[in-house]
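Have a look at the chain below and then read on.

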Amino acid sequence: MVTIERKSFGLHDIVEMKKPHPCGTNAWKVIRMGMDIRMKCTGCGHSVLLPRSRFEKRLKKVLISAAEQEKEPKKPPESL
Ligand SMILES: [Zn+2]
């Protein structure tokens, strides 16, 4: 079952935070979901672990949803 969040984000989404990383990039990839959220700066590759509540406070918006990416078949589906 899928739980609806106030701000919906998922694994492998690219998200924008309220404050950019010191490297100047404000695009983070969610690489781990759970009690804590681990996200990786797409600019320098630095990864940060945040409690979910803090992540949600800092989250500005989802730039690229991994789920939406899957809807667009950019590459042919793997066949056996
Ligand atoms: Zn960075």
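## The sheet

In what order do the five strands sit in the open sheet? The order is β4-β3-β2-β1-β5, with antiparallel pairing. The edge strands are β4 (47-51) and β5 (59-64), and each of them pairs on one side only. Neighbouring strands are turned by 40 degrees against each other on average, direction ignored; the axes behind that angle are lines fitted to C-alpha atoms, for helices over the stretch in contact, and angles run from 0 to 180 degrees between N-to-C directions.

A few words on terms. Helices (H or I, at least four residues) and strands (E, at least two) are DSSP runs, numbered from the N terminus, and two strands pair if DSSP finds at least two bridges between them. Strands of a sheet pair through backbone hydrogen bonds, either parallel or antiparallel.

## What you are looking at

This is a predicted model, where local features need pLDDT of at least 70 and side-chain atom pairs count only at pLDDT 80 or more, while totals for chains, interfaces and linings use all residues. Residues are numbered from 1 along each chain as its sequence is written.

The protein chain holds two helices and five strands. Read from the N terminus, its elements go β-β-β-β-α-β-α.

## Strand by strand

Start with β1 (residues 14-17) and β2 (residues 28-32): they run antiparallel and are joined by two bridges. In that pairing, Ile 14 stands opposite Lys 29 of β2.

On to β3 (residues 36-41) and β4, which pair in the antiparallel sense over five bridges; here Lys 40 stands opposite Ser 47 in β4.

## Met 39, a buried spot

Is Met 39 buried or exposed? Met 39 counts as buried because 26 other C-beta atoms lie within 10 Å. The cut-offs are 20 or more such neighbours for buried, 12 or fewer for exposed, and partly exposed in between, with C-beta atoms placed from the backbone. Across the protein chain, 12% of the 80 residues count as buried.

Met 39 lies in strand β3. Leaving out residues up to four places away in sequence, Met 39 touches Val 15, Trp 28, Lys 29, Val 30, Ile 31, Ser 47 and Val 48. A contact here means that the C-beta atoms of two residues, placed from the backbone, lie within 7 Å. Phe 55 is 16 residues from Met 39 in sequence and 9.3 Å away in space, C-alpha to C-alpha.

Zooming out to the protein chain, take the contacts with a separation of 6 or more: residues 24 or more positions apart account for 35% of them.

Pro 20 has its place in the loop between β1 and β2. Pro 20 counts as partly exposed because it has 15 C-beta neighbours inside 10 Å. Its contacts, not counting residues up to four places away in sequence, are Thr 25 and Asn 26.

His 12 is found in the segment before β1, and it is partly exposed, with 15 other C-beta atoms within 10 Å. Most residues other than glycine have a negative phi. His 12 is not a glycine, yet its phi is positive, at about 75 degrees.
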